[in-house]
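Please keep the structure in view while reading.

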Amino acid sequence: MRAGFFHLAFLAVALTGMLAGLLVKYFGWPLAPDLIWSGATVPVVAALAITIVRDFLVGRMGVDAIALVAMIASIAMGQPLAGVVVAMMYTGGNLLEDYARGKAERDLRSLRDRTPRIAHKVAEGEVTDIAAGEIVVGDDLLVRAGELLPVDGHLLNEQAKLDESAVTGEPLPEIRRKGEHLRSGTVNAGEAFHYRASAPASKSTYAGIVRMVEEAQTAKAPFMRIADRFALLLLPATLLVAGLAWWLSGDRIRALAVLVVATPCPLILAAPVAFIGGVSRAARAGVLMKGSSALEALALVRTVIFDKTGTLTEGGARITFFETAPNSDAEEILRLLASLEQASHHVLAETIVALARAKGMPLSSPTNVREFRGSGLEGIVEGRHVRAGSRALVLADGEVPAWACSVASAREGSSGLAIYVSVDGRIAAFLVLADAIRLEAPAALAQLHAAGISRIIMVTGDDAETASIVGSSLGIDEVYADRSPAEKLAAVAAEQRRQPTMMVGDGINDAPALAAADIGIALGARGATASSEAADVVILVDRIDRVPHAVMIARRTRRIALQSIVVGLALSGIAMVFAAFGYITPVAGALLQEGIDIAAIVNALRALSGPSNISSTEGSASPAPANS
């Protein structure tokens, strides 16, 4: 803000001086216009000289020195109008940079500015307002309609409606159920509710977002550092061309014109504006990149390594296939099965029970339950004998009925758990429980190939049979199974030796590989803190299709930055040639260079835009089973 004020003040001085000198000359007033133009240029020269000296003392040297030389030379060569125009264009360029940066950083800054600060603590029936920083784990908190959640926690009410768009980029409110994890920074879009804090404010989701935002605004991409170094070559090159133009033509005004048109902004402004714009664009889609360096690394990736469980698959068992006997009531059979499974301690039983309850089915308490370790269980539900488990337990030596024969033989060869169900001695249903491939995964992998990724690999700790089923279902180039975290790390290192490599994972055991890869992407929607901290990019919504979207944003951003720099410098170079041959005057050159600067920055701002809707792949692929 302070720098912007000074830039505006110096622009006002230069503009006022230029107009005053033109009026004096036009009306023939008894004042020297050259003196007015020189006087308006000197303050800008002095301020720029101080800035250049200060930067030089800390080891920085930029192409602003060309503008300084151009203004001093204009006054010395009796062309003060050119000098004041350069001063006006230079300060105007700085204001334009301030505007462009502000526009590009606005989305990131808005995330930080809306940090929750007040919480309503509930203790002994009384509600007390406290600072968000005073919340401790276990505090019961009240969130009124329209308020931000100050910390992470677990819902105590039966349900709550939350607007998570600021955190995940998802536009529609989400319904959360009792016991579900809630994240700070989301907004209560429904009635007031209570929840219990599971982390202090400093370690909650939103605090992590703010930290990443700060890193995004300060980190510098290697591309931009190279641009800075290349910019230093422009000063001696410009002085050489200007000197040659003067020497060969004998006209010092040509040398001045060369200096004026070489006063550059595209190289030093376009790259940072474009990269900040790309980071901001990604943030709006729920993809947080830890600085411009992460964005550039993502743009250069050619190999992607995926973890399986929870990344390519859903990370939890669900019913992937359910077939019932002819003329039977599927919902009634599911209700009887879920009633029986209430007595089981098997982790997969919870999936069946949860599904029935989600459908609002009234469950009965089973009696005379007998569990067969590793095979299934049986019991009496509402006077009916229900048995569920393996084929051997339910059918014994009997044959599979015709209606279930073909599907059972096909499904039993999959990686899912096949369950037979009989009611009163007759087989009633056949189902498969599995960790299903994400519905959006096939389309996401296809989009990665379309974006220029040449090699997609899956590395998992699961057995080879399970991994190969997932790999073949998704068309993955290579599958590594039975890998420990250390072996995952070795796989990443091996791929890095071939070409730039990205690792995508969601679990704590993925953290070493995420940190070692050229770029690590963590699916952070489920709160895997270790993987999120190790990764360079964190996806805040539980969708794998954000990965190709992030890659496309990164590549488009880098392409825009490169276009702005190359085109801007090419136009400046052409203008220098024309100026050297006397076709461009110093004043015209200053105006032309400002036009080039504006064009380069406006083009760089395109990184803020792009497809606003992320294509949904819901329902576009059939869920294939895969074991967790």
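## Terms and model

A nonpolar core is a set of buried Ala, Val, Leu, Ile, Met, Phe, Trp, Tyr and Cys residues joined through side-chain atoms within 4.5 Å. Buried means under 20% relative accessible area, exposed means over 50%, and partly exposed is in between (1.4 Å probe, protein chains only).

The model is predicted: local features need pLDDT of at least 70, side-chain atom pairs count only at pLDDT 80 or more, and totals for chains, interfaces and linings use all residues. Residues are numbered from 1 along each chain as its sequence is written, and side-chain values use heavy atoms, with hydrogens and water left out.

## The chain as a whole

The chain has 22 helices and 22 strands. Helices (H or I, at least four residues) and strands (E, at least two) are DSSP runs, numbered from the N terminus. Of the 628 residues in the chain, 50% are buried.

Contact means heavy atoms within 4.5 Å. Among contacts between residues at least 6 apart in sequence, 69% join residues at least 24 apart.

## The nonpolar cores

The largest nonpolar core has 95 residues, and Leu298, Phe306 and Met502 have the most contacts inside it. Helix H21 (residues 546-580) gives the largest share of this core, 13 residues. A second, separate core has 22 residues, including Ile319, Leu340, Ala388 and Val423.

Which residues does Leu298 touch, not counting those up to four places away in sequence? They are Met289, Met502, Ile519, Ile521, Ala550, Val551, Ala554 and Arg555.

## Helices H16 and H21

The axes of helix H16 (residues 441-450) and H21 come within 8 Å and cross at roughly 20°. Axes are lines fitted to C-alpha atoms, for helices over the stretch in contact, and angles run from 0 to 180 degrees between N-to-C directions. The angle between H16 and H21 makes them roughly parallel. Angles under 35 degrees count as roughly parallel, over 145 as roughly antiparallel, 65 to 115 as roughly perpendicular and the rest as oblique.

From H16, the contact is made by Ala444, Gln447 and Leu448, and from H21 by Val547, Pro548 and Val551. By class, this contact has 5 nonpolar, 1 polar and no charged residues. Ala, Val, Leu, Ile, Met, Phe, Trp, Tyr, Cys and Pro count as nonpolar, Asp, Glu, Lys and Arg as charged, and the others, Gly among them, as polar.

## Helices H12 and H13

The axes of helix H12 (residues 330-341) and helix H13 (residues 349-358) come within 9 Å and cross at roughly 130°. H12 and H13 are therefore oblique to each other.

Leu334, Leu337, Ala338 and Glu341 of H12 meet Ala349, Ile352, Val353, Leu355 and Ala356 of H13 in this contact. The contact of H12 with H13 has 8 nonpolar, no polar and 1 charged residues.

## Helix H17 and two loops

Thr460 lies in the loop between strand S18 (455-459) and helix H17 (464-474). Is Thr460 buried or exposed? Thr460 is buried, with a relative accessible area of 2%. Residues that Thr460 touches include Lys308, Tyr480 and Asp482. The buried residues of H17 are Thr466, Ala467, Ile469, Val470, Gly471 and Leu474, and what covers them includes helix H11 (308-312), H16, S18 and strand S19 (478-480). Just after H17, Gly475 takes a positive phi of about 70°.

Gly425 lies in the loop between strand S16 (417-423) and strand S17 (426-434). Gly425 is exposed, with a relative accessible area of 68%. Gly425 and Val386 are 39 residues apart in sequence and 7.9 Å apart in space, C-alpha to C-alpha.
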